[in-house]
Amino acid sequence: MSFRADILARAARGLCPACARPLPPSPPWDIPPACPGCGLVLRRPGGFFLGSLVWNYGLIAFGALPLLLVAVLLGWLTGRQAAWTALAAGMTLPWFLHRLAWRLWLGTFYGFLPGQLGGVSDD
Ligand SMILES: [Zn+2]
């Protein structure tokens, strides 16, 4: 199994994984249903969204929360402050990371399965 890193990079930059046109602007908690350029369905049915949840969780658990641990270890925050900050971050960050997580998931999915792009990839 090969992985197309160019598709992941394209999707992470906010471009369509298939045609590389910019996806239309939307709030961070939303993703357009389809690419306006090529019609690639971006919100696939059947639990496809679970992949973006994994990316969202990973970005927070392995990106944001370790920063709080470092802040505690450096004495910048008490454990109690870090716990409340982690709770607040856990409640708010997923909304703001949703679009990025979804784009990373699209890039991951189509990076491993470029044949699913329906022949619109420019490879
Ligand atoms: Zn497209």
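Helices (H or I, at least four residues) and strands (E, at least two) are DSSP runs, numbered from the N terminus. Keep in mind that the model is predicted: local features need pLDDT of at least 70, side-chain atom pairs count only at pLDDT 80 or more, and totals for chains, interfaces and linings use all residues. Residue numbers start from 1 along each chain as its sequence is written.

**Exercise 1.** Find what share of the protein's 123 residues is buried.

*Solution.* First, the cut-off: a buried residue has 20 or more other C-beta atoms within 10 Å of its own, with C-beta atoms placed from the backbone. Apply that, and 25% of the 123 residues qualify.

**Exercise 2.** Work out how α1 and α3 are oriented to each other.

*Solution.* Step one: the axes, lines fitted to C-alpha atoms over the stretch in contact, belong to α1 (residues 5–12) and α3 (residues 79–112) and come within 8 Å. Step two: they cross at roughly 160 degrees, on a scale from 0 to 180 degrees between N-to-C directions. Step three: angles over 145 degrees count as roughly antiparallel, so that's what α1 and α3 are.

**Exercise 3.** Name some residues where α1 meets α3.

*Solution.* Contact means C-beta atoms, placed from the backbone, within 7 Å. On the α1 side you'll find Ile7 and Leu8, among others; α3 brings residues including Leu104 and Tyr110.

Conventions:
A residue is buried if 20 or more other C-beta atoms lie within 10 Å of its own, exposed if 12 or fewer, and partly exposed in between; C-beta atoms are placed from the backbone. Angles under 35 degrees count as roughly parallel, over 145 as roughly antiparallel, 65 to 115 as roughly perpendicular and the rest as oblique. Two residues are in contact if their C-beta atoms, placed from the backbone, lie within 7 Å.
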